[in-house]
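Colleague: Before we talk about this model, could you show me the sequence and the coordinates, and tell me which conventions you work with?

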Amino acid sequence: MPTAFITGITGQDGQHLAEFLHSQGYHVFGMVKGQNNPRVEALQQEMPFVELVSGDLADLPSLVAAMEAVQPDEVYNLGAISFVALSFSQAELTANITGLGVLRMLEAIRMVGGSQNNPIRFYQASSSEMFGQVRETPQTELTPFHPRSPYGCAKVFGHDIVVNYRESYGLHASSGNLFNHEGPRRGLEFVTRKVTNAVARIKLGLQDEVVLGNLDSKRDWGYAGDYVKGMWMMLQQDLPDDYVLATGETHSIEDLVRRSFAEVGIENWADHVRQDPKFLRPAEVDLLIGDPTKARTKLGWEPEVDFPALVKMMVAHDLQREATKAGIALPG
């Protein structure tokens, strides 16, 4: 039975990845920080097969201890301060966890597995936010980076240090440059869940409006469940490399809003949307769209859930969730 170690296990991607690896016959370990993590109980109830290990991306000795205890075949570094808007107000924390945390994880792997012929395979969660003010469209593995947030800058460091350790120590270390990937497990602070959850509550009469920032920003949105399969595929290759995972399609936030309201039969969506400058970023990323050709040809990876199906899935989930919480019976 192969062994996998996941940082960020309580997040959206960590949960999807844990489920997928379990289905593939892995012994799954997940790293959690602190003794009172509010998400741990829910994770253990939903995924009792995950064995939890304490550790902190800000603390190298804890990562070394985790590697020594688990002796993993594969490490998936999904842990990060991952909310872009927060990175502007907590830039140093973001740099420490999202950037330097990658370096500490790589050092722990090198120290436990050795500087030569290291058997541990490593996956780093890179991000489309690294492209920022894009130099070309669509973006590929060779597109230069121009990040527009402290989060994007930290991710660039993480990405580059993976390349450095791969070239310096021969580590089987790969980065997945994942474009926006969403789903019902996405946190409510992210715009996709913010919209679909608000739409559900508006439909149920629990609130009147949703307050947003820039409706014109365009993103390449896919389903997180598809993307974690790509992460795993990268670590099954003979040689490590970096890959873009994306759908190759772009949609604006307004498209997301309109389609979400249409799912619950509300056509006059604009009557329920208010824009507030406080939700605008100091430096905006206007357009992201990825070219997944390399992942398709080398890995055989294809996204299975398209944008309409993703929105439908998320709205249906939030409608059921909010109705249950409010004690409202849904028709049918």
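Predicted model: local features only at pLDDT ≥ 70, side-chain atom pairs only at ≥ 80, totals over all residues.

Colleague: How are helix 9 and helix 11 oriented to each other?

Modeller: Helices (H or I, at least four residues) and strands (E, at least two) are DSSP runs, numbered from the N terminus, while axes are lines fitted to C-alpha atoms, for helices over the stretch in contact, with angles from 0 to 180 degrees between N-to-C directions. On that basis helix 9, residues 253-263, packs on helix 11 at an angle of about 55°, with the axes 9 Å apart. The two helices are therefore oblique.

Colleague: Which residues of helix 11 meet helix 9?

Modeller: Contact means heavy atoms within 4.5 Å. From helix 9, the residues taking part are Leu-256, Arg-259, Ser-260 and Glu-263. Their counterparts in helix 11 are Phe-307, Pro-308, Val-311, Lys-312 and Val-315.

Colleague: How many charged residues does the contact of helix 7 with helix 11 have?

Modeller: Helix 7 (residues 191-203) and helix 11 (residues 307-326) pack at an angle of about 50°, their axes being 8 Å apart, which makes helix 7 oblique to helix 11. The contact joins Thr-192, Arg-193, Thr-196, Asn-197, Ala-200, Arg-201 and Lys-203 of helix 7 to Met-314, Val-315, Asp-318, Leu-319, Arg-321 and Glu-322 of helix 11. For the classes, Ala, Val, Leu, Ile, Met, Phe, Trp, Tyr, Cys and Pro count as nonpolar, Asp, Glu, Lys and Arg as charged, and the others, Gly among them, as polar. By that division the contact has 4 nonpolar and 3 polar residues, and the number of charged ones is 6.

Colleague: Is the crossing of helix 5 and helix 6 left-handed or right-handed?

Modeller: Helix 5 (residues 91-113) and helix 6 (residues 150-169) pack at an angle of about 15°, with their axes 8 Å apart, and they are therefore roughly parallel. A crossing is left-handed if the near helix is turned anticlockwise from the far one by less than a right angle, and right-handed if clockwise. The way helix 5 passes helix 6 is right-handed.

Colleague: Which elements do the buried residues of helix 6 pack against?

Modeller: Buried means under 20% relative accessible area, exposed over 50%, and partly exposed in between (1.4 Å probe, protein chains only). Among the residues of helix 6 that are buried are Tyr-151, Ala-154, Ile-161, Val-162 and Tyr-165. The elements that the buried residues pack against are helix 4 (84-89), helix 5, strand 5 (121-127), strand 6 (172-178) and strand 11 (242-245).

Colleague: How far apart are the end C-alpha atoms of helix 6?

Modeller: The expected span of a helix is 1.5 Å times one less than its number of residues. For the 20 residues of helix 6 this should give 28 Å, and the separation of its end C-alpha atoms agrees, at 28 Å.

Colleague: Which residue takes a positive phi just after helix 3?

Modeller: Within helix 3, Ser-62, Leu-63, Val-64, Ala-66, Met-67 and Val-70 are buried, and what covers them includes strand 1, strand 2 (27-32), strand 3 (51-54), strand 4 and helix 5. The loop between helix 3 (60-70) and strand 4 (74-77) then holds a residue other than glycine with a phi near 50°. That residue is Gln-71.

Colleague: Is Asn-117 buried or exposed?

Modeller: Asn-117 is found in the loop between helix 5 and strand 5, and its phi is positive, about 50°, although it is not a glycine. With 76% relative accessibility, Asn-117 counts as exposed.

Colleague: What is the peptide bond from Thr-137 to Pro-138?

Modeller: Pro-138 is found in the loop between strand 5 and helix 6. With omega near -5°, the bond from Thr-137 to Pro-138 is cis.

Notes: Residues numbered from 1 in each chain as written. Heavy atoms only, no water. Parallel < 35°, antiparallel > 145°, perpendicular 65-115°, else oblique.
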